[in-house]
Amino acid sequence: TPDPPPPSPSEPLPTAATKTPNPSPSSSGDLFAMGLAGEASLAVVAIVLCKISGLAVVDPWVLPAGVPLAGALVWGTVLVAPMVALNFGLEKLGLKAVEDVKKTTTLFISQTFTGSNSGLLKVALFSLAAGVAEEWLFRGFLLELCARYFDDTASLAISSVLFGLGHFITPLYFLLSVVGGAYFGAIYTSSQHCLVQPAVAHAVYDFVAIAIILNELRDQREADGEMNEVKDD
């Protein structure tokens with residue numbers, strides 16, 4: 001998940017941007033590169049650990065017989081809806097814990113993706129890297145490793161808690177990460193232990209979360225600019 005971890009399906013989806021400083025394009029680009037490298041390193045770790053443990057490396061990315069790629073992509077995208085609905089519902093409660101997570105997530109995104117060289121292509125690349133790498137590590141390796149020693153329920157619970165610990169910033173952030181880990185683990189097991197569907201859902205969720213916050217930050221800057229013009233007049 002980078003300085004604070006990037007938003008993932010386990011993390012809340014902020015719907016109201018907070019005031020944040022505008023980073024320079026160079027600093028934003030550096031943070032983006034670091035974050036992307038961090039996600040890539042998780043994929044390498046997943047491959048190495050699978051090799052060491054004797055777990056399949058490539059097979060989890062092979063779709064089951066009779067499952068078309070287009071169908072897997074569409075289904076993975078549709079499965080994002082419950083997590084988005086959950087996060088919007090939490091945001092409506094107006095709890096301080098939710099506000100704290102919102103501020104943290106917004107700050108990370110504002111520092112990483114704003115700037116003259118940022119765009120939806122960067123967001124898509126980052127989201128795809130997070131979806132692939134984190135699902136490979138936490139579901140393709142960790143959940144499968146746990147399944148050697150525990151039943152399905154315990155394996156899902158252990159891997160989800162560890163996923164949450166990997167995203168621990170606040171207690172609520174942790175709890176939502178555990179829920180997200182369990183949800184994506186359930187998608188993985190119900191998809192005949194294929195990583196394509198949970199990786200797609202993870203990536204699409206991250207893309208939606210980041211894109212919404214960037215849009216809110218843009219609206220905030222435009223509103224601030226209009227206010228400044230009124231003051232000048």
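Biologist: Are Lys-102 and Glu-91 buried or exposed?
Modeller: This is a predicted model, where local features need pLDDT of at least 70, side-chain atom pairs count only at pLDDT 80 or more, and totals for chains, interfaces and linings use all residues. Residues are numbered from 1 along each chain as its sequence is written, and side-chain values use heavy atoms, with hydrogens and water left out. Buried means under 20% relative accessible area, exposed over 50%, and partly exposed in between (1.4 Å probe, protein chains only). By that rule, Lys-102 and Glu-91 are both buried.

Biologist: What N to O distance separates the side chains of Lys-102 and Glu-91?
Modeller: The two meet in a salt bridge. That term needs a side-chain nitrogen of Lys or Arg within 4 Å of a carboxyl oxygen of Asp or Glu. Here the N to O distance is 3.0 Å.

Biologist: Which helices does the Lys-102 and Glu-91 pair link?
Modeller: The partners are eleven residues apart and sit in distant parts of the chain. Helices (H or I, at least four residues) and strands (E, at least two) are DSSP runs, numbered from the N terminus. Glu-91 is in α3 (residues 81-93), and Lys-102 is in α4.

Biologist: How many helices does the protein chain have?
Modeller: The pattern along the sequence is α-α-α-α-α-α-α-α. There are zero strands. The helix count is eight.

Biologist: Is Lys-96 buried or exposed?
Modeller: Lys-96 forms a salt bridge with Asp-100, at 3.0 Å from N to O. Both lie in helix α4, four residues apart, about one turn of the helix. Asp-100 counts as partly exposed at 28% relative accessibility. Lys-96 has a relative accessible area of 61%, so Lys-96 is exposed.

Biologist: What is the relative accessible area of Arg-139?
Modeller: Arg-139 pairs with Glu-135 in a salt bridge, the closest N and O atoms being 2.7 Å apart. The two are about one helical turn apart because they are four residues apart in helix α5. Glu-135 is buried, at 0%. Arg-139 is buried too, with a relative accessible area of 0%.

Biologist: Which residues do salt bridges with shared partners join into one network?
Modeller: The structure holds four salt bridges. Those that share partners join Glu-91, Glu-99 and Lys-102.

Biologist: Which residues does Phe-138 contact, leaving aside neighbours within four places in sequence?
Modeller: Contact means heavy atoms within 4.5 Å. Phe-138 touches Leu-143, Ser-159, Leu-162 and Phe-163.

Biologist: Is Leu-162 buried, partly exposed or exposed?
Modeller: Leu-162 lies in helix α6 (residues 152-165). Its relative accessible area is 35%, so Leu-162 is partly exposed.

Biologist: What C-alpha separation do Ser-53 and Leu-145 have?
Modeller: Ser-53 lies in helix α1. Beyond its neighbours within four places in sequence, Ser-53 is in contact with Phe-141, Leu-145 and Arg-148. Ser-53 and Leu-145 are 92 residues apart along the chain, yet their C-alpha atoms are separated by 7.8 Å.

Biologist: How many aromatic pairs does the structure hold?
Modeller: Rings of Phe, Tyr and Trp (its six-membered ring) pair if their centres lie within 6.5 Å; planes under 30 degrees apart count as stacked, over 60 as edge-to-face and the rest as tilted. The number of such pairs is seven.

Biologist: What kind of pair do Phe-113 and Phe-126 form?
Modeller: Their ring centres are 5.3 Å apart. Their planes stand at 90°, so the pair is edge-to-face.

Biologist: Which residues do ring pairs link into a cluster?
Modeller: Phe-113 and Phe-126 are both buried. Ring pairs link them with a further Phe, and the cluster is Phe-32, Phe-113 and Phe-126.
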